[in-house]
Amino acid sequence: MPKKSFLRFAVMAAVMVAGSAMGETLTPVDFSNAAFAPTLGPTAIPIGHAEFCKTHREECGPNGSFAEVTPLDQPRWEQLVSTNNRYNSQIVPITDQDLYQVGEFWTYPDGYGDCEDFALAKRRALIEAGWEPSTLLMAVVRELNGNGHAVLMVRTDRGDLILDNQDSMVRVWNETPYQFVKRQSQTDAGKWVTIEDSRNVTTVASTR
């Protein structure tokens, strides 16, 4: 990632998270800042993730270690961008219905996958690279047409960043065209919490 691209992001982050300096962790982090998606409390786990947890139990329990955020420096920013682009280019998007003949099936992709499969692959790759699982959260959103969609939400000291198979850019959650619904709990990967998204994002009923 060219330095000018990172610096452009840094300027945006500095506006949203006032007083932060490049590479510094906010102590404490101000989660009331709009760069962080607020939550309301526990909610139902998506059925696809519940089924995924039955075969990946080791990935769906309480996190052994806990970090509220990951400090975002230039190497980590570049890692997020490269991870997002690598999987977006390597995996062929296809619906679960077309690939597995079921409406919803969360799994690690083998060359093909739906939106949640992209997000799962990115999450696993970042965990293997040393990121704390508690800062890598599967999230469910609504697209403008009303369709459900899944992305990976990464909690950093600059805000909640979104890795999306439909976007080559890594964006702050409130700069995406989605209505956020829920995400994984930071303390337990097998539990989910509601996201309080009060932004004026207009969705329409799906015709599909």
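## The disulfide

A disulfide is a pair of cysteine sulfur atoms within 2.5 Å. With that in hand, let's look at this predicted model. A search of the whole structure turns up 1 disulfide, and the cysteines it joins are Cys53 and Cys60, with an S to S distance of 2.2 Å. The torsion about the S-S bond of Cys53 and Cys60 is about -80 degrees, so this disulfide is left-handed.

How exposed are the cysteines? Residues under 20% relative accessible area count as buried. Cys53 is buried because its relative accessibility is 11%, and Cys60 is buried at 12%. Cys115 is buried too, with a relative accessible area of 9%.

## The nonpolar cores

The largest nonpolar core has 35 residues, and those touching the most other members are Leu80, Leu152, Met153 and Phe180. The largest share, 6 residues, comes from strand 4.

Setting aside its neighbours within four places in sequence, Met153 is in contact with residues including Ala37, Leu137, Ala139, Ile162, Trp173, Phe180 and Ile195. Its contacts also include Asp160 and Arg183. A second, separate core has 5 residues, among them Tyr87, Phe118, Ala121 and Ala125.

## The largest cavity

The structure holds 2 cavities of 30 Å³ or more. About 50 Å³ of space lies in the largest cavity. Its lining is made up of His49, Phe52, Glu59, Tyr108, Leu120, Arg123, Arg124, Met138 and Gln184. Helix 2 and helix 5 are the elements that give two or more residues to this lining, and helix 5 gives the most, with 3 residues.

Strand 6 and strand 7 each supply at least two of the lining residues, and strand 7 gives the most, with 3 residues. By class, the lining of the second largest cavity has 4 nonpolar, 1 polar and 3 charged residues.

Conventions. Residues numbered from 1 in each chain as written. Predicted model: local features only at pLDDT ≥ 70, side-chain atom pairs only at ≥ 80, totals over all residues. Heavy atoms only, no water. Buried < 20%, exposed > 50% of the residue type's maximum accessible area, 1.4 Å probe, protein only. Core = buried A, V, L, I, M, F, W, Y, C linked by side-chain atoms within 4.5 Å. Helix = DSSP H or I, 4+ residues; strand = E, 2+ residues; numbered from the N terminus. Contact = heavy atoms within 4.5 Å. 1 Å grid on protein atoms, 1.4 Å probe; cavity = no way out; pocket = protein on both sides within 12 Å on 5 of 7 lines; lining within 4 Å. Points joined across faces, edges and corners; volume = space filled by probe spheres on them. Nonpolar A, V, L, I, M, F, W, Y, C, P; charged D, E, K, R; others polar.
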